[in-house]
Amino acid sequence: MSEPLVARMREFGTTVFAEMTALAVRTSSINLGQGFPDTDGPPAMLERAVAAIRDGLNQYPPGPGVPELRQAVAEHRKQHYGLDYDPDGEILVTVGATEALAASVLALCEPGDEVIVFEPYYDSYAAAISLAGAVRRPVTLRPVDGRFTFDPAELRAAVGPRTRAILVNSPHNPTGTVFTYDELAAIAAVVQEHDLVAVTDEVYEHLTYDGVEHIPLATLPGMRERTVMISSAGKTFSVTGWKTGWICAPRALVTAAQTVKQFLTFTSGAPWQLAVAHALREELPWVGGLRDELAGKRDRLMAGLTAAGFAVYRPAGTYFVQTDIRPLGFTDGLELARRLPELAGVVAIPTQVFYDRRELGRHFVRFAFCKKDEIIDEAVARLARLHG
Ligand SMILES: *Cc1c(COP(=O)(O)O)cnc(C)c1O
C-alpha cells in the first residue's frame with residue numbers, strides 16, 4: 001500500500017513528546033519533558049465529578065456545553081477581566097484548548113490562507129493549520145534582556161494579502177513570556193489594520209508569577225469583536241486529563257467554531273463540565289495557592305539549572321523554564337536532550353521542534369517544573385553531574 005497518510009500531515013509523525021517520554025521510561029530518567037502536574041486538583045472539584053457520575057449525568061451534554069459551565073465561564077470573564085459574554089451563543093465548551101484551537105482554525109481558514117504564529121509555538125498549532133490546508137507564517141520570539149519578545153516590524157512584515165488569523169499564546173509555552181500591554185497593543189494594531197481574527201490561547205491565564213498580570217487581548221480597545229479567546233481547566237485546576245476547555249467570542253465566531261466542533265466531537269465530558277463549573281466559582285483561591293507553589297518550584301528549578309551551568313530565562317508564567325545550553329559547551333538541544341538520560345538521568349524537551357526555522361531554537365532546551373519538590377530536587381542533583 002502506498003503511504004496512507006495525507007501529504008499535509010506527513011511532517012507530524014511521532015512527536016518529540018512521545019520520543020522523550022519513551023526515553024524517560026526506558027532509562028528510568030526523571031521526566032521534566034511533558035508539562036503535566038503530578039498532584040491533583042482541588043478535592044471538592046474532584047468530588048463534584050464523582051457525584052455527577054453517581055447522579056447519572058452520563059449522557060450527551062448539550063452541544064455548546066452544559067449551561068452551568070457556560071454561566072460560570074461568563075461570570076468568571078466578567079469578574080476577572082470585565083468582559084461580557086452571553087452564555088447562550090458567545091461561549092462554547094470544547095474538548096480542551098486543543099479542540100478549541102483546531103475547530104477555530106478549521107472554521108476560519110480557507111485552503112491557502114495564512115496564519116501568523118509566534119515561534120516557538122505549541123505543537124498543535126502547526127498541525128491544526130495544516131489540517132485546514134492553511135499556511136503558517138512564523139514570527140520569532142527572541143530573548144531581549146532575559147525575556148522572549150518579538151520585533152513589531154517582523155510581525156508587520158509577516159502579514160500578507162492571504163493572512164486570515166493570528167494565534168497568540170500568552171502566558172507563552174515554551175518561553176514563559178507573558179505579553180505586556182504594549183506587546184498586545186502592537187498585535188492589536190496589526191489585527192485591526194488588516195482585518196484579521198486573533199485566536200488567543202490563554203490556558204496559563206492564572207499561572208503567572210512575581211505579580212505579573214495576564215492581560216487578555218480581548219480587553220484591548222476594539223479587540224473583543226475580533227478575538228476568539230480560548231481557555232482550559234487542564235492547567236488552571238491541574239486536571240490535564242479532563243480535556244475541558246472553552247471558547248469565548250462574538251456570536252458569529254462562536255457559531256463558526258461550533259459548526260466545525262459539532263462534527264469533530266459534538267460534545268464531551270458532562271461530569272467534568274459540571275465539576276469545572278463548580279471550580280470556576282469556588283476554587284480560585286486554590287488556584288492562587290497553586291500559583292504560589294509553582295513560583296517556588298520555578299525558583300527551585302532555576303537555581304538548580306543555573307548551578308548546573310545552563311543559562312536560564314526567568315519565566316513570568318506557565319510550567320516551563322527555557323534554557324540556553326551553550327554555556328555547558330553544547331550547541332544542539334536535540335542532541336543534548338537525547339543524551340541527557342545517559343549524562344544526567346533527566347529528560348527535557350529540545351525547543352527547536354517548536355520552530356519552523358529550527359536553527360533559531362537549536363541551543364534552547366525546555367524543562368518543566370510542575371512536579372513535586374522532591375522530584376525537582378532529585379533532577380537538580382542529577383543535573384549537577386553535567387558540570388563535572
Ligand atoms: C497544555 C496546552 C494546551 C492544551 O490544552 P488542553 O486543554 O489540554 O487541550 C494548549 N496550549 C498550550 C500552550 C498548552 O500548554
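Tyr204 is buried, and Phe320 is buried too. This holds for a predicted model. The rings of Tyr204 and Phe320 form an aromatic pair of the edge-to-face kind. The pair links distant parts of the chain. Tyr204 lies in the loop between β8 (197-201) and β9 (227-232), while Phe320 belongs to strand β12.

## Aromatic pairs

How many aromatic pairs does a search of the whole structure find? The search finds 15. One of them joins Phe150 to Phe179, again edge-to-face. Both of these Phe residues are buried. Phe150 sits in the loop between β6 (147-149) and α6 (152-158). Phe179 sits in the loop between β7 (163-169) and α7 (181-193). The pair therefore ties together parts that are 29 residues apart in sequence.

The table sets out the two pairs described here.

| Aromatic pair | Centre to centre | Angle between planes |
|---|---|---|
| Tyr204 and Phe320 | 6.4 Å | 80 degrees |
| Phe150 and Phe179 | 5.5 Å | 85 degrees |

## The sheet around β12

Five of the five residues of β12 are buried, so the strand is largely enclosed by the rest of the structure. Which residues cover each side of β12? Phe320, Gln322 and Asp324 are on one side, with Val321 and Thr323 on the other. All of these are buried, and both faces are covered.

β12 belongs to an open sheet of four strands. The order is β11-β12-β15-β14, and the pairing is antiparallel. Why is one side of β11 and of β14 left without a neighbour in the sheet? β11 (311-313) and β14 (349-350) stand at the edges, and each has a single partner strand, so one side of each has no neighbour there.

Now take the partners of β12 in turn. Three bridges join β11 to β12, and the two strands run antiparallel. Ala311 has Asp324 in β12 as its bridge partner. β11 and β12 also form a hairpin, with six residues between them. In the turn, Thr318 has a positive phi of about 75 degrees.

Thr323 stands opposite Val365 in β15. Asp324 has Phe364 as its bridge partner in β15.

The loop between β14 and β15 holds Asp356. Is Asp356 buried or partly exposed? Asp356 is partly exposed, with a relative accessible area of 29%. The cut-off for buried is under 20%. Asp356 and Glu119 are 237 residues apart along the chain, yet 7.2 Å separates their C-alpha atoms.

## Strand β10

Strand β10 covers residues 244-248. Five of its five residues are buried, so β10 is largely enclosed by the rest of the structure. Both faces are covered. Thr244, Trp246 and Cys248 are on one side, and Gly245 and Ile247 are on the other.

Which strands are joined to β10 by bridges? Strand β2 (residues 91-95) is joined to β10 by five bridges, running antiparallel. In that pairing, Val95 stands opposite Thr244. β9 is joined to β10 by four bridges, also antiparallel. There, Met229 has Cys248 as its bridge partner.

## One cavity

The structure holds one cavity of 30 Å³ or more. The volume of the largest cavity is about 30 Å³. Rolling a probe the size of a water molecule over the atoms shows where empty space is left. The lining of the largest cavity is made up of Val168, Ser170, Leu184, Thr200, Glu202, His214, Ile215, Pro216 and Leu217. By class, the lining has five nonpolar, three polar and one charged residues.

## The recorded domain

UniProt lists residues 30-383 as "domain: Aminotransferase class I/classII large", in an unreviewed entry. In the model, the span of residues 30-383 is 42% helix and 18% strand. The end C-alpha atoms of this span lie 10 Å apart.

Note on methods
Residues numbered from 1 in each chain as written. Predicted model: local features only at pLDDT ≥ 70, side-chain atom pairs only at ≥ 80, totals over all residues. Heavy atoms only, no water. Pairing = 2+ DSSP bridges. UniProt positions renumbered as here; feature names shortened; annotations may be inferred. 1 Å grid on protein atoms, 1.4 Å probe; cavity = no way out; pocket = protein on both sides within 12 Å on 5 of 7 lines; lining within 4 Å. Points joined across faces, edges and corners; volume = space filled by probe spheres on them. Nonpolar A, V, L, I, M, F, W, Y, C, P; charged D, E, K, R; others polar. Phe/Tyr/Trp six-rings, centres within 6.5 Å; stacked < 30°, edge-to-face > 60°. Buried < 20%, exposed > 50% of the residue type's maximum accessible area, 1.4 Å probe, protein only.
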